[in-house]
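Thank you all for coming.

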Amino acid sequence: MSSTCVAIVTPNASLTIMLLPSLTLCFLFLCLIYYLLSRAFLTGSRSLPLPPGTMGWPYIGETLQLYSNNPNSFFALKQKRYGPIFKTHILGCPCVMVSSPEAARFVLVTRAHLFKPTFPASKERMLGPQAIFFQQGDYHARLRRLVLRALMPDAIRSSVAGIEAAALRALRSWDGRFVNTFHEMKTYAFNVALLSIFGNDEICYIEDLKQCYYTLEKGYNSMPVNLPGTLFYKAMKARKQLAQIVAKIVSSRRTQWKTEANGLLGSFMEATEALTDDQIADNIIGVIFAARDTTASVLTWIVKYLGDNPGILRAVTEEQEEIMRSKDGKSLTWADTKRMPLTSRVIQETMRVASVLSFTFREAVEDVEYEGYLIPKGWKVLPLFRNIHHSPDNFADPENFDPSRFEVAPKPNTFMPFGNGSHSCPGNELAKLEMLVLLHHLTTKYRWSMVGCQSGIQFGPFVLPLNGLPLRFSLKSPVEGHPA
Ligand code: HEM
Ligand SMILES: *[C@@H]1O[C@H](CO)[C@@H](O)[C@H](O)[C@H]1NC(C)=O
């Protein structure tokens with residue numbers, strides 16, 4: 001039995017050995033063809049590896065690790081372990097996180113068309129599905145034109161006096177009181193946002209509008225269960241009322257023919273590119289959402305860092321006193337706000353160190369190759385602004401608060417507090433203006449003291465000093481402001 005086997009096998013085996021080199025060549029050749037074909041036509045870049053990283057448990061992924069303590073240390077740890085591009089899984093979504101200037105530029109600027117904006121569906125419903133953040137293409141471009149037209153320097157320079165009045169009103173209301181700084185800054189930023197939207201009109205609706213917005217806000221981060229009694233349900237109801245208030249304002253403007261460009265609403269209503277009432281409501285609620293807590297948390301951090309750095313506070317105060325003396329009691333102008341280089345650097349450095357928007361979200365619209373890695377279609381992509389702002393490659397001694405580092409302009413895509421590319425912040429000029437105006441009056445007229453130990457930080461969703469930085473503000477005595 002065994003001998004026949006040998007007899008049969010031997011000739012075949014020798015044949016195989018003889019043919020082996022050419023068979024191997026054939027096989028390799030076929031593999032090459034398959035590889036080239038599959039690269040060109042079939043699964044695209046599927047054969048590329050995913051970025052390094054771990055995906056954690058099924059469904060919940062690494063969400064717990066992210067939210068268990070400080071989300072920023074989660075990002076920092078991952079970057080240290082895996083480098084500037086890594087994968088993870090949070091809130092039910094596979095994600096690729098990127099933290100180099102080049103990768104952020106790729107996602108937000110040069111290949112922005114491959115990455116669409118994305119939000120959880122419940123948030124989109126609450127803010128309004130036609131709001132600017134969620135859009136791409138022609139409708140987005142049109143909205144952006146209308147928003148930028150109302151928020152660019154030429155449009156907002158005339159509102160300096162109104163913003164100054166809002167700043168003075170806020171400061172007067174804090175005098176001698178113990179306040180929650182973040183809470184007060186939110187009120188100020190809300191008033192400035194309403195001013196930029198409605199101009200000085202419609203005061204009679206403003207209180208109702210604010211009340212509805214507060215209800216909306218309470219439900220924004222609640223469980224999206226739309227049953228009577230839940231915060232989400234109340235928020236959705238407030239959302240409808242907000243749209244009705246905006247519709248009332250729009251129709252009263254229409255009947256009075258006050259449709260000439262007046263604030264953001266005027267821009268939305270202008271005849272040639274006018275939006276529908278629903279589009280207007282979604283975008284007004286959206287702008288309030290984008291404008292208020294961002295600006296308020298930066299202002300809160302500025303107050304904190306100035307309190308922690310008396311030398312810098314003294315220098316800022318001197319810069320602002322110089323301007324105050326030159327004004328002789330007259331109100332501030334746009335040109336005055338351009339004479340505040342040191343204060344501007346304090347704002348920049350605060351936005352770098354605090355990085356209140358630590359990252360943003362996009363979603364890959366197709367399989368994308370980046371640096372030899374596959375970013376699969378449908379995955380979320382998160383440019384990590386905070387990591388970029390805290391990398392020693394981009395900023396020497398990154399944890400140190402040092403406004404003088406901005407005496408030299410930062411390199412492209414290393415400093416993006418307002419993002420970059422087609423969705424970058426159209427409100428950035430207004431944000432800087434309202435911060436400068438408030439700081440002018442705060443540093444020249446008031447002093448503040450922290451209450452107890454104040455080194456804690458809180459998260460969710462904004463990074464903030466613990467408890468919103470409770471402080472006592474009081475008017476300086478006149479001599480204090482002008483040392484002999
Ligand atoms: C210091 C305060 C602010 C910061 C740090 C900030 C930051 C940002 C960032 C990073 C983005 C881009 C997000 C992304 O690409 O996904 C953005 C978008 C936006 N911001 Fe701001 N923002 C601030 C104040 C404001 C203000 C005052 C307004 C309006 C009055 C505003 C209106 C908007 C709008 C409408 C968008 C969406 C733009 C689009 O999708 O095309 N922001 N902001
Ligand atoms: C945005 O990207 C462009 C192109 O890379 C770059 O020139 C510009 O400096 C970037 N802006 C910021 C704020 O980094």
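What we have here is a predicted model, in which local features need pLDDT of at least 70 and side-chain atom pairs count only at pLDDT 80 or more, while totals for chains, interfaces and linings use all residues. Residues are numbered from 1 along each chain as its sequence is written, chains are lettered from A and ligands numbered from 1 in the order in which they are written, and side-chain values use heavy atoms, with hydrogens and water left out.

Let me begin with ligand 1, which is surrounded by 26 residues, the closest being His140, Arg144, Thr360, His423 and Cys425; a residue counts here if one of its heavy atoms lies within 4 Å of the ligand. Helices α6 (137-151), α13 (277-308) and α18 each supply at least two residues of this shell, and α13 gives the most, with six residues; helices are DSSP runs (H or I, at least four residues), numbered from the N terminus.

Which protein atom is the donor to the iron of ligand 1? The single donor from the protein is the SG atom of Cys425, 2.3 Å away, where donors are N, O and S atoms within 2.8 Å of the metal (3.2 Å for Na, K and Ca), and since water is not among the atoms, sites may look incomplete. Cys425 itself sits in the loop between α17 (385-389) and α18 (428-445).

Oxygen atoms of ligand 1 also have polar contacts, meaning pairs of N or O atoms within 3.5 Å: a polar side-chain atom lies 2.8 Å away in the case of Arg144, 2.5 Å in that of Thr360 and 2.7 Å in that of His423.

Turning to ligand 2, its surroundings are Arg105, Val109, Pro412, Asn413, Phe415, Met416 and Asn420. Arg105 places a polar side-chain atom 2.8 Å from an oxygen atom of this ligand, Asn413 has a backbone N or O atom at 2.7 Å from a ligand oxygen, and for Asn420 the distance from a side-chain N or O atom is 2.4 Å. Of the 360 Å² of accessible area that ligand 2 has on its own, the protein covers 58%, with areas from the Shrake-Rupley method and a 1.4 Å probe.

Finally, Leu64, in helix α2 (residues 63-68), is exposed, with a relative accessible area of 51%, the cut-off for exposed being over 50%.

Conventions
Buried means under 20% relative accessible area, exposed over 50%, partly exposed in between (1.4 Å probe, protein chains only). A polar contact is a pair of N or O atoms within 3.5 Å; within protein, one must be able to donate a hydrogen and the other to accept it, and residues adjacent in sequence count only if both atoms are side-chain atoms.
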